[in-house]
Amino acid sequence: MAAGAELARVEKALAGRFPHKMIPDLERIRDLVDLLGHPERTFPVVHLTGTNGKTSTARMIDSLLRAFGLRPGRYTSPHLESVTERISIDGRPVSAEVFARAYDDVAPYVELVDGRHAERVTFFELLTAMSFSAFADAPVDVGVIEVGLGGTWDATNVVDSLVQVVTPISLDHRELGSTVEEIATEKAGILRPGAIAVLGQQPLGAARVLAARAEELGTTLVREGLEFGVARRKVAVGGQMLTFRGLGGDYDEIFLPLHGEHQAHNAACALAAVEAFLGGGSNLLDLEVLRSGFASTSSPGRLEVVRHSPTIVLDGAHNVAGVQALVAALGDAFQFETLVGVVGVLADKDAHAMLSVLEPAFDSIVLTQSSSPRARSADELGAVAVEVFGADRVEVAPRLDDAIDAAVRLVEEDTELGGGGVVVTGSLTTVGEARHLLAR
């Protein structure tokens, strides 16, 4: 069977597991990995949770580990264009053939588990088991595993990780809690006894929860701003130049080809995680290897420039903290005379709050919607935008291709000599579909 047909077959089977939801127990995934012979135990793990920055941080950890000669397996979510992006080996998404083989290895056991429990194996549990199987089969030297949602009850939490990373926590998925303390309690579930936990900058309430849980378990905490951090930062062409205070010492003049101060903080966490993984954080790592690893980092759909004249930037900010980071980065890294937003948001997000953050940055805005069944309609979003921007700065275009065309037209009308830009944002599904459209 051709690769495309193989992938379509597996995608159809995965679609049968929708709507994907988190069920707050680990019974099915534990049963499943036990039947599979525990593939998740065949490699050491760096495990990541947090609200924003997980995927970018995971990609940086992956790149650094490869620079040091290791072969990582990286599991992240969601994907932008193809579901195969979620499972990466040695820096590349797996092929359709490898993805299908992982499914076929796991599928018979999934049916057994389905019959043993009141709830069927979920979409995310199946993909998680597939990633473990693919990594064990490769094999990989280390797993870089990002939670799907939360921590304690996330399917990835069957791993026994050596290093945990908690990127900044903020309010987002209200099913995890209505306060940062409640959300931090859920995310603290990935901490392990005797391990090292790398904490990005946290709200005070979240920091207290994480510290208390670490003390209970005997987890060593290393905290951004105390044990490690960004010492100096300056904007550079195509990214930024950074000096880090690491766990093992200082590292200077490191180029990161990503935009935004938030990515500098993600990079500090990635460096600390790699220091912890490679030597417990007690040794100074080779500076030239670090420079090479960071220089080869990419993070698709995160302040990614995909077109010029006018410049089109894609950013998957999908909550208030994310759009705050986006607005700061736009002012930091770009100098647009005119900036138009193309925004599509999922129905469970606080659209009014997100648009209020974006309003000072955009001269005008085009509201649209992705093909996701969870997308808020463009008309609903437009009504919210009128409250925030005023009617004269708002257009609505339900089709994403029309919305991008409208934004380009608005920029070209208002800007001379290519000084304008378009930013597509609001959800990763919107950005993924824009990326696909603009790549053609």
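First, the ground rules. The model is predicted, so local features need pLDDT of at least 70 and side-chain atom pairs count only at pLDDT 80 or more, while totals for chains, interfaces and linings use all residues. Residues are numbered from 1 along each chain as its sequence is written, and side-chain values use heavy atoms, with hydrogens and water left out.

The structure holds 25 salt bridges. A salt bridge is a side-chain nitrogen of Lys or Arg within 4 Å of a carboxyl oxygen of Asp or Glu.

Take glutamate 304 and arginine 435. Their closest N and O atoms are 2.8 Å apart. Glutamate 304 lies in strand β12 and arginine 435 in helix α14, so the pair ties together parts 131 residues apart in sequence. Helices (H or I, at least four residues) and strands (E, at least two) are DSSP runs, numbered from the N terminus.

Is glutamate 304 buried or exposed? Glutamate 304 is buried, at 18% relative accessibility. Arginine 435 is partly exposed, at 21%. Buried means under 20% relative accessible area, exposed over 50%, partly exposed in between (1.4 Å probe, protein chains only).

Next, arginine 291 and aspartate 252. This salt bridge has its closest N and O atoms 3.2 Å apart. It links helix α9, which holds arginine 291, to strand β11, which holds aspartate 252. Arginine 291 is partly exposed, at 24%. Aspartate 252 is partly exposed too, at 35%.

Last, a network. Which residues take part? Glu6, Arg9 and Asp104 are linked by salt bridges.
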